[in-house]
Amino acid sequence: MKKIIKINKNNDYRIVVISDIHGGLDLLKRLISKVSLKKEDYLIILGDTLQRGSQNIETLEYMKKLSNRQNTIILSGNHERYILSLLDEKRCEKLDYHLKNIKYPCIIKEWMKELAVEYKSIDDAIEIQNKIKHRYKDELDFMRSLPVALEFDEFIFVHAGVENIDNWKESKVESLLAIKRFLDLEHKSSKYVVVGHWPTQNYRHRSLSGNVIIDNNKKIISIDGGYGVKYVGQMNALIIEKKDNQIAFKSLAEDNFKTAKISKDFHIKNDNIVKLDWQDNEFEFIKKEEEFSICKKVSTQEIFLLKNEFIKDISGKLSISYDVVSLFLDVKKGEDIKVIGCFGKYVFGKCKNEIGWVKADCVNL
C-alpha cells in the first residue's frame, strides 16, 4: 500500500488542504465553496474521508470524481486502510467485532444495506466480504490506489505524521497513517509536515477550539477540526499561498451549527477555566447547584463549574458525556454565535473562535 509521491513545484501556487472529512459530504462541499477553489489551485485531501458521518457512500463517490480534477491529490488515512482490512478473508474475526461493536455510521454497514444482506454470526463473514468485494470493486480499488504521503516544495502532506528519523520516507505505514499526538513529537525534516488525524482540540488544555494549529518552531501544522469525532467538531481548510517566494498561511472552517444573534451583552469573570475531555476527565463532585455543579479536577486539583447536564453517573462512577469547558464567553449585543446546544438556562456556543457558555436569555434563539 505504501506509496509516496512528489510534485516538483517551487514557483507561485495556492494549495487548499482538507482532512478528516468522515462522511460529511455536505459540509465538505460548503467548505470547498468557501475557499473559492480555482482551476489552477491544488486541492489536497489528507485522508479519513469516510466513517462516522452519515454520507459515506456519497462521499466515496465524490472522492472518486474529485480525483479526476486537475491538481487534486487524495491521500489515504487510517480509516481507509481499516475498511480494506475488514474485507481480508483472513480477518473474519475483525469484521465480526466491527459489525457487533462499532456504533458509529460506517460504509461497510451501508454497503450491506444496499446489498440487502444481514449479519447473524461470524459464519456469514466471508460471504459478506465476497459480495462487497464483487459489487464495490471500483470503490475498493480506488481506496487501494491512494498514496500515503505527498512531498510538495517545502511541505510534506500526510494523514498522521512521520517518524523522527533522518529519512522520513522510511517511516512505517502505521506511523504515517496513525501516529498519535504528532504535534507533541519531533521530526528531522527541514520541511513543514501538514497532518490531520488528531483533533486539534486534544492539544489545547483550556479550550475546545478546533482551529488549525501552526507550530513554526517544530514545522508541524495540525488541521483536524474534529468533525465526526467531537461534539463541537468542525471541518478545516488550510490555505497555503506562495507568491514572490513568500509563503502565507490562512485557514477557514465550516460546521453544522446554526447561527444566532447575541441580544444583549453578557460577561462573567472567568476565575478558572478548566477543560475535561476523554484524555483527562476524572473529577470529584463537591456541591450541586441549579445550573453548574462545583467540582474538582483530579489531575490538577482545580475547582471549577461543570454544567449539570454534562455529568454522567454510571454505577456510582462520575464521568462526562462530552468534552466540556468551564469558560463563560464575553459577548456583545449584535455579535454572531454558533449554537452547539441549549442546556437549562444556558447556551453552549462558539463565538469569536472560542467555545463556552452564555445565558440563554442573551441569545436570540
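A: **Starting from serine 175**

Serine 175 is buried, with a relative accessibility of 14% (buried is under 20% relative accessible area, exposed over 50%, partly exposed in between, with a 1.4 Å probe and protein chains only). This is a predicted model: local features need pLDDT of at least 70, side-chain atom pairs need 80 or more, and totals for chains, interfaces and linings use all residues. Residues are numbered from 1 along each chain as its sequence is written, and side-chain values use heavy atoms, without hydrogens or water.

Serine 175 belongs to helix H8 (helices, H or I, are DSSP runs of at least four residues, and strands, E, of at least two, numbered from the N terminus). Setting aside residues up to four places away in sequence, serine 175 touches Ala160, Gly161 and Glu163 (contact means heavy atoms within 4.5 Å).

**From H8 into the next loop**

Helix H8 covers 173–178, and strand E7 covers 192–195. Histidine 187 sits in the loop between them. How accessible is histidine 187? Its relative accessibility is 11%, so histidine 187 counts as buried.

One is the backbone nitrogen of serine 189, at 3.2 Å. The other is the backbone oxygen of lysine 218, which lies 3.0 Å from a polar atom of the histidine 187 side chain. Both are polar contacts (a pair of N or O atoms within 3.5 Å; within protein, one must be able to donate a hydrogen and the other to accept it, and residues adjacent in sequence count only if both atoms are side-chain atoms).

Lysine 219 is partly exposed, at 28% relative accessibility. Its phi is positive, about 60°, although lysine 219 is not a glycine. Most residues other than glycine have a negative phi.

Histidine 22 also has a positive phi, near 50°. Histidine 22 is in the loop between strand E2 (13–18) and helix H1 (25–34). Its relative accessibility is 2%, so histidine 22 counts as buried.

**H8 and the pockets**

H8 returns in the lining of the largest pocket. H3 and H8 each supply at least two residues of that lining (a pocket is an open set of points on a 1 Å grid over the protein atoms alone, where a 1.4 Å probe fits, with protein on both sides within 12 Å along at least five of seven lines; lining residues have an atom within 4 Å of a point). H3 gives the most, with 5 residues. In total, 25 residues line the largest pocket. Asp48, Arg52, Asn78, His79 and His197 lie nearest its centre.

The second largest pocket is lined by 17 residues. Lys34, Ala253, Lys338, Lys350 and Asn353 lie nearest its centre. The elements that give two or more residues to this lining are strand E11 (246–254), strand E20 (336–343) and strand E21 (346–351). E11 gives the most, with 4 residues.

Glutamate 139 lies in helix H7, residues 137–145. With a relative accessible area of 13%, glutamate 139 is buried. Leaving aside neighbours within four places in sequence, glutamate 139 is in contact with Leu60, Glu61, Lys64 and Trp111. Isoleucine 57 is 82 residues from glutamate 139 in sequence. Their C-alpha atoms are 9.5 Å apart.

Aspartate 280 is in the loop between strand E13 (275–276) and strand E14 (283–287). Aspartate 280 is partly exposed, at 25% relative accessibility. Beyond four places in sequence, aspartate 280 touches Lys275, Lys297 and Ser299. With serine 299 the link is also polar: a 2.8 Å polar contact joins the two side chains. Asparagine 10 and aspartate 280 are 270 residues apart in sequence, and 43 Å apart from C-alpha to C-alpha.
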